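Visitor: I am new to this structure and would like to be guided through a few of its details. Could we look at it together?

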Amino acid sequence: MKAPRQWQWLAACLATLALAACGGAGEEADGASLAPAPAESDWPNFSGDGHARQYAPFDQISRATVARLGLAWYFDLEPGFSVSSPAKCGPRLFVTTGHSHVRALDPQSGRLLWEYDAGTRRLARNPLQMTWGNKGLACDGERVYIATTDGRVIALAAADGAVVWETRQFGLDEPRYANGAPRVFDGKVIVGHGGADLSPIRGYVTAYDAATGRQLWRFYTVPGDPSRPPESRAEALMRATWKGDWYGAGGGGTAWHAFSYDPELDLLYIGVGNGFPYNQALRSPGGGDNLFLASIVAVRADTGEYVWHFQVCPGEEWDCTAVQDMTLATLEIDGVARKVVMQAPKNGFFYVLDAATGEFLSAGQIADKVTWAQGIDAAGRPIEHPKLRYRLTGETFELWPGPQGAHSWLPQAYSPRTGLVYVPILEIGGLIGPLPPGYAGFGAGMGALVVADPDLPGSRRSHLTAWDPRTQRPAWRVDLPGDWPGGVLATAGDLVFQGRLDGRFLAYDAESGEPLWEYRAPTAIVAPPISYLAGGKQYVVVLTGSGSQGGGILATGNADLPTTDYWRPRRVLAFALDGAAREPAFAPPPRRPAVAEDFAADPAQMAAGGQLYAATGCLVCHGMNALAGGAAPDLRFSPVVLDPAAFAAVVRDGARKLRGMPAYPQLDDAALAALRHYLMARAAGLDLPPAPPVPSGT
């Protein structure tokens with residue numbers, strides 16, 4: 001019943017991933033008219049405009065008026081992935097959920113205008129393309145843009161949802177997926193993809209013509225075939241940092257989330273991810289920095305030509321990424337106003353770089369505990385812990401931050417009024433070490449033994465920290481429930497909004513961190529809020545639901561929070577001054593543990609089933625140790641587990657593929673029986689007191 005090796009690699013990939021200004025109107029070279037730029041009252045991209053500030057320049061809702069804030073309208077969503085960021089252009093608000101199910105809503109009333117389903121679940125070939133939901137979309141004056149997990153980039157007419165153009169950035173059979181939000185800047189759609197935890201793919205970023213879908217350029221983030229001449233100056237630079245016989249065995253560098261754009265500098269900033277395999281001895285046997293892994297790379301927006309880079313984790317081999325927000329701002333440094341890029345990547349430090357040149361300006365430790373490095377030197381390179389390189393020491397290393405990072409993809413916010421950056425921080429440690437001799441189980445494909453969420457003192461915590469980038473010190477901090485902090489929004493009303501795993505949505509004083517207002521929802525809120533103006537009124541909008549922490553791989557620390565129930569309502573919530581709408585009352589339905597009447601636990605069967613549960617990647621959607629995190633049903637209470645035929649139809653035959661459950665045809669009857677036994681054993685030990693009704697409202 002041992003899972004095939006490719007599924008072991010996939011499980012390692014999935015487990016670790018849990019741990020992932022618009023231009024003006026003008027004429028293109030071919031004469032095609034660009035869409036008009038969105039109005040200042042809009043929110044066209046993930047994090048707002050190209051500066052990735054997650055900042056709304058509106059002050060109708062302010063410290064003085066926030067007490068009047070109430071629910072203006074809500075829109076019901078289907079169960080599944082709803083932890084995404086909306087976009088608003090003109091008279092429409094756009095929302096994507098699940099696998100590119102797009103809806104256009106009236107931004108003042110929430111009335112459905114049109115909807116479009118990209119049909120990803122019918123096309124997807126590998127479980128990665130079915131596991132992760134879309135994180136967001138983008139819009140301009142005429143079109144809305146989505147990137148599907150199965151590799152398509154689609155432009156829809158903003159007016160009615162009709163397909164304007166569709167193209168592919170990668171083939172269905174490639175070990176890639178795309179769930180990050182595309183960006184639209186200056187008539188270009190910028191798209192990246194993921195997959196670097198699965199195979200030594202060569203990461204890249206692609207720019208498409210926003211009007212036609214024509215590919216304009218493609219920038220590769222790791223080098224290609226060394227037997228051929230370098231394709232560019234960037235590739236020549238990268239090649240010098242990959243050592244030994246690496247080609248075909250090592251790669252990665254996928255840019256699956258963050259892009260920023262400065263139209264004055266004509267620079268597009270790319271956040272680059274980790275390498276494959278983690279173990280550098282397998283990826284790049286001779287060592288080296290392995291550019292551009294774990295780097296911010298600046299390229300010319302019009303051509304994709306390399307300009308500069310800065311690497312946060314040279315020679316990374318512990319899933320260190322720089323795919324987090326790259327916030328652009330102007331700061332006074334040593335008496336001089338400088339354009340800067342600010343980022344809190346996974347590694348626990350906060351960086352300030354010169355936006356034009358990439359010069360390292362400063363860094364500070366933003367996470368409570370950092371063990372992989374002892375600091376950052378004057379050149380911006382980490383001072384590594386002497387035992388970090390587990391492949392050299394042969395020892396397991398207690399890694400802080402763990403593989404999931406101190407800051408994940410949920411965005412930080414920056415207020416030019418306070419000069420502070422508001423960062424959602426995770427405090428979760430991990431373990432990483434060499435594989436035991438002959439090991440072929442969970443994580444073998446990565447060349448390292450990774451424990452993403454061990455029970456470590458001080459772990460499984462989170463906080464919202466207001467960080468001063470000029471002093472590299474915190475201004476204030478709010479400790480949060482659970483270990484997965486929500487995305488943040490700052491506004492010109494001197495407010496900071498953030499949702500929480502306990503269902504509370506709060507507004508804080510941006511200067512002091514004092515909580516000024518809150519709303520209680522029956523469901524966890526971790527998605528990034530946005531704000532816009534419509535009909536002369538300011539709205540704050542957020543999607544409810546959980547699952548962005550890898551569906552449940554990090555659910556262990558959240559067992560007492562409303563994150564495990566897949567059936568809790570998911571909604572779009574829109575708030576405005578004097579809003580008087582109310583969500584319907586919700587009482588959690590009764591749940592019955594999935595335990596057969598004649599069940600008797602068999603330790604050997606349970607162990608075999610537990611190994612399969614991890615190796616096939618079940619834990620990604622259904623949770624570590626079957627403790628669900630909200631992205632998929634909690635199998636400890638699923639009646640399907642009690643019926644062998646139904647279980648086989650769903651798990652092996654793909655009966656629920658169109659609902660997002662991939663098929664696992666490699667599992668035989670014995671494997672399915674072991675899985676069922678493991679799940680019933682997990683359910684049998686539960687103590688289930690009656691669940692009380694969940695209040696809602698301001």
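Guide: We can begin with Arg 176, which counts as buried at 8% relative accessibility, where buried means under 20% relative accessible area, exposed over 50% and partly exposed in between, with a 1.4 Å probe and protein chains only. This is a predicted model, in which local features need pLDDT of at least 70 and side-chain atom pairs count only at pLDDT 80 or more, while totals for chains, interfaces and linings use all residues. Residues are numbered from 1 along each chain as its sequence is written, and side-chain values use heavy atoms, with hydrogens and water left out.

Visitor: Which residue forms a salt bridge with Arg 176?

Guide: A salt bridge here is a side-chain nitrogen of Lys or Arg within 4 Å of a carboxyl oxygen of Asp or Glu. For Arg 176, the closest N and O atoms of the pair are 2.7 Å apart. The partner counts as partly exposed, at 28% relative accessibility, and the residue is Glu 174.

Visitor: How many residues apart in sequence are the parts that Arg 63 and Asp 509 tie together?

Guide: Arg 63 and Asp 509 form a salt bridge, with their closest N and O atoms 3.3 Å apart. Arg 63 lies in the loop between strand 1 and strand 2, whereas Asp 509 lies in strand 36, so the parts joined are separated in sequence by 446 residues.

Visitor: Are Arg 636 and Asp 634 buried or exposed?

Guide: Their side chains meet in a salt bridge, at 2.5 Å from N to O. As for accessibility, both Arg 636 and Asp 634 are buried.

Key
Helices (H or I, at least four residues) and strands (E, at least two) are DSSP runs, numbered from the N terminus.
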